[in-house]
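Subject: Structure handover

Hello,

Here is the structure you were waiting for. My notes on it follow below; please read them with the model open.

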Amino acid sequence: MPSLPTGAANSLFNKVPEVTLVFWIIKIMSTTVGETGADYLAVHVGLGTALTGAIMAALLIATLVVQVRARQYTPWVYWLAVVLVSVVGTQITDALTDGLDISLYVSTIVFALLLAATFAIWYWSERTLSIHTIVTRRRELFYWAAILFTFALGTAAGDLATEALGLGFTVGVLAFGAAIAVIAALYALGVNAVLTFWLAYILTRPLGASLGDLLSQSRPNGGVGLGTIETSVIFLAVIASLVAYLSVSPDRTPREA
């Protein structure tokens, strides 16, 4: 394992959860909530894209301050930050596409480059991209910057595939699900764990977005017709239940990386 920086910051516990099945379930559902929640606030509540984005960004900053100041992983704080990053990432892409009329091709390429740059600077600075070594403030800031860009990239790429390329919600769910299954198989065969984790993390965003659209959109538009409110409430309830489980589970004790 790469040597860690010395000093007080090195006494932090690893600040992110173990990568388990529950982790991926919550991650996918949080991306779905990000898609449906942003649409609900902007369209149905009538806040508009700009105001919704400003409110969610303020909440995200406040939550990240709590997350970064904490000295160990706290499930409800961490996953609240992930849900808010999902909403903000969706809003950023929607603002570029709908507000500034920027092509999804362009935004997908730009976010991919920004994510690649974040990883490059992170690795140059820390010599690791492993989530098992998020034990300093600087590494955690790199981590959350990467998370934000994965959500923005996943949103742009997902919209590009399901809307611009016309795959539709059902095919989108199947296609992105199949891509994640391939990555899981590669991981099982011994392909680099850090690479496969981040590839899967990126792809769960368009998978969750496609799933959210499939469930919430009306039948004439290719969805199931549950609506954004019902879909958001159901998924938030499942997320809350799983986070509550993680908070009391004796098997999840914070550890140093």
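Throughout this email, two residues are in contact, or touch, when they have heavy atoms within 4.5 Å of each other. By that rule, and leaving out residues up to four places away in sequence, Leu207 touches Ile28, Val173, Phe176, Gly177 and Ile180.

Some ground rules before the rest. This is a predicted model, in which local features need pLDDT of at least 70 and side-chain atom pairs count only at pLDDT 80 or more, while totals for chains, interfaces and linings use all residues. Residues are numbered from 1 along each chain as its sequence is written, and side-chain values use heavy atoms, with hydrogens and water left out.

Overall build

The protein has eight helices and zero strands. Helices here are DSSP runs of H or I with at least four residues, strands are runs of E with at least two, and both are numbered from the N terminus. Read from the N terminus on, the order of elements is α-α-α-α-α-α-α-α.

Along the principal axes, the C-alpha atoms fill a box of roughly 55 × 35 × 35 Å. The radius of gyration is 18 Å, which agrees with the value near 18 Å for a compact globule of 257 residues. That radius is taken over C-alpha atoms, and the globule rule is 2.2 Å times the number of residues to the power 0.38.

Of the 257 residues, 46% are buried. Buried means under 20% relative accessible area, exposed means over 50%, and partly exposed is in between, using a 1.4 Å probe and protein chains only. Among contacts with a separation of 6 or more, 77% are between residues 24 or more positions apart.

Helix pairs

Two packed helices are described by the angle between their axes and the distance between the axes. The axes are lines fitted to C-alpha atoms, for helices over the stretch in contact, and the angles run from 0 to 180 degrees between N-to-C directions. Angles under 35 degrees count as roughly parallel, over 145 as roughly antiparallel, 65 to 115 as roughly perpendicular, and the rest as oblique. A crossing is left-handed if the near helix is turned anticlockwise from the far one by less than a right angle, and right-handed if clockwise.

1. α2 and α3. Helix α2 (residues 48-69) packs on helix α3 (residues 75-99) at an angle of about 150°, with the axes 9 Å apart. The two are therefore roughly antiparallel, and α2 passes α3 in a left-handed crossing. Residues making the contact include Met56, Leu60 and Leu64 of α2 and Leu84, Val87 and Val88 of α3. The contact residues divide into 15 nonpolar, six polar and no charged. For this count, Ala, Val, Leu, Ile, Met, Phe, Trp, Tyr, Cys and Pro are nonpolar, Asp, Glu, Lys and Arg are charged, and the others, Gly among them, are polar.

2. α4 and α5. The axes of helix α4 (residues 104-126) and helix α5 (residues 137-164) come within 9 Å and cross at roughly 160°. This pair is therefore roughly antiparallel, and α4 passes α5 in a left-handed crossing. The contact has 20 nonpolar, five polar and four charged residues.

3. α5 and α7. Here the axes come within 8 Å and cross at roughly 50°, so α5 and α7 are oblique to each other. The crossing is right-handed. Among the residues in contact are Tyr143, Phe151 and Gly158 of α5 and Trp198, Arg205 and Pro206 of α7. The division is nine nonpolar, six polar and one charged.

Single residues

Leu207 is buried, with a relative accessible area of 11%. Its C-alpha atom is 17 Å from that of Leu84, 123 residues away along the chain.

Val87 lies in α3 and counts as buried at 5% relative accessibility. Not counting residues up to four places away in sequence, Val87 touches Gly34, Ala38 and Met56.

Which residues other than glycine have a positive phi? Asp101 is one of them, at about 60°; Asp101 lies in the loop between α3 and α4 and is exposed, with a relative accessible area of 68%. Arg127 is another, with phi near 65°. Arg127 is in the loop between α4 and α5 and counts as partly exposed at 48%.

Regards
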